[in-house]
Amino acid sequence: QVQLVESGGGLVQAGGSLRLSCAASGRILSSYSMGWFRQAPGEEREFVAAIKWSGENANYADTLKGRFTISRDNAKNTVYLQMNSLKPEDTAVYYCAADRTDRRWFISAEGTMYDYWGQGTQVTVSS
């Protein structure tokens, strides 16, 4: 069993930055993928980024490349999402998730592939 706890959300002005953290506990293998998803009110859940726990590769939503960066610190069992140049449309609840299936190099952008989820952290970007 894996537990995920997000933190770092808050209110920020457009153009600002935030770094979200996802603290993971439990048995996490290097083959796991760790992902960030977001959901705005009235919208469907959206893939943001994901990374192999081994750190070998990462996957980003095309529309967010260049502004968002995912990373992990295995020693701290934590995954980060650095968000820069934030826009009001980035306002959403951000969720951390873990995919326990060994998909080798492949990192899924489908939320249904992820087995464990955190409770979410609210990010609000004001204009």
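Reader: Leaving aside neighbours within four places in sequence, which residues is D90 in contact with?

Author: D90 is in contact with R38, L64, R67, F68, S85, V123 and V125, where contact means heavy atoms within 4.5 Å. This is a predicted model, in which local features need pLDDT of at least 70, side-chain atom pairs count only at pLDDT 80 or more, and totals for chains, interfaces and linings use all residues. Residues are numbered from 1 along each chain as its sequence is written, and side-chain values use heavy atoms, with hydrogens and water left out.

Reader: Where is the place of D90, then? And is D90 buried or exposed?

Author: D90 is found in the loop between strand 8 and strand 9; strands (E, at least two residues) are DSSP runs numbered from the N terminus. Its relative accessible area is 1%, so D90 is buried. Buried means under 20% relative accessible area, exposed over 50%, and partly exposed in between, with a 1.4 Å probe and protein chains only.

Reader: Which backbone nitrogen lies 2.8 Å from a polar atom of the D90 side chain?

Author: That backbone nitrogen belongs to K87.

Reader: Which strands do bridges join to strand 11?

Author: Strand 2 (residues 10-13) runs parallel to strand 11 and is joined to it by four bridges, with Q13 partnered by S126. Strand 9 runs antiparallel to strand 11, with three bridges, and here A92 has V123 as its bridge partner. Two strands pair if DSSP finds at least two bridges between them.

Reader: Changing topic: how many residues are in the largest nonpolar core?

Author: It has 37 residues, and those with the most contacts inside it are L4, M34, W36, L81, M83 and Y94. A nonpolar core is a set of buried Ala, Val, Leu, Ile, Met, Phe, Trp, Tyr and Cys residues joined through side-chain atoms within 4.5 Å.

Reader: What does L4 touch, not counting residues up to four places away in sequence?

Author: L4 touches residues including C22, M34, C96, Y116 and W117.

Reader: And the aromatic pairs: how many are there?

Author: The count comes to five. Rings of Phe, Tyr and Trp (its six-membered ring) pair if their centres lie within 6.5 Å; planes under 30 degrees apart count as stacked, over 60 as edge-to-face and the rest as tilted. The rings of F37 and F47 have centres 5.5 Å apart and planes at 70 degrees, so this pair is edge-to-face. Because F37 lies in strand 4 and F47 in strand 5, the pair ties together parts that are 10 residues apart in sequence.

Reader: How far apart are the ring centres of F37 and Y114?

Author: They are 5.1 Å apart, with planes at 75 degrees, so that pair is edge-to-face. F37 and Y114 are both buried, and F37, F47, Y114 and W117 form one aromatic cluster.

Reader: Which charged end sits over the ring of F37?

Author: It is that of R45, 5.8 Å from the ring centre. R19 lies over the face of Y80, at 4.1 Å from the ring centre. A charge sits over a ring if NZ of Lys or CZ of Arg is within 6 Å of the ring centre and within 35 degrees of the ring normal.

Note on methods:
A polar contact is a pair of N or O atoms within 3.5 Å; within protein, one must be able to donate a hydrogen and the other to accept it, and residues adjacent in sequence count only if both atoms are side-chain atoms.
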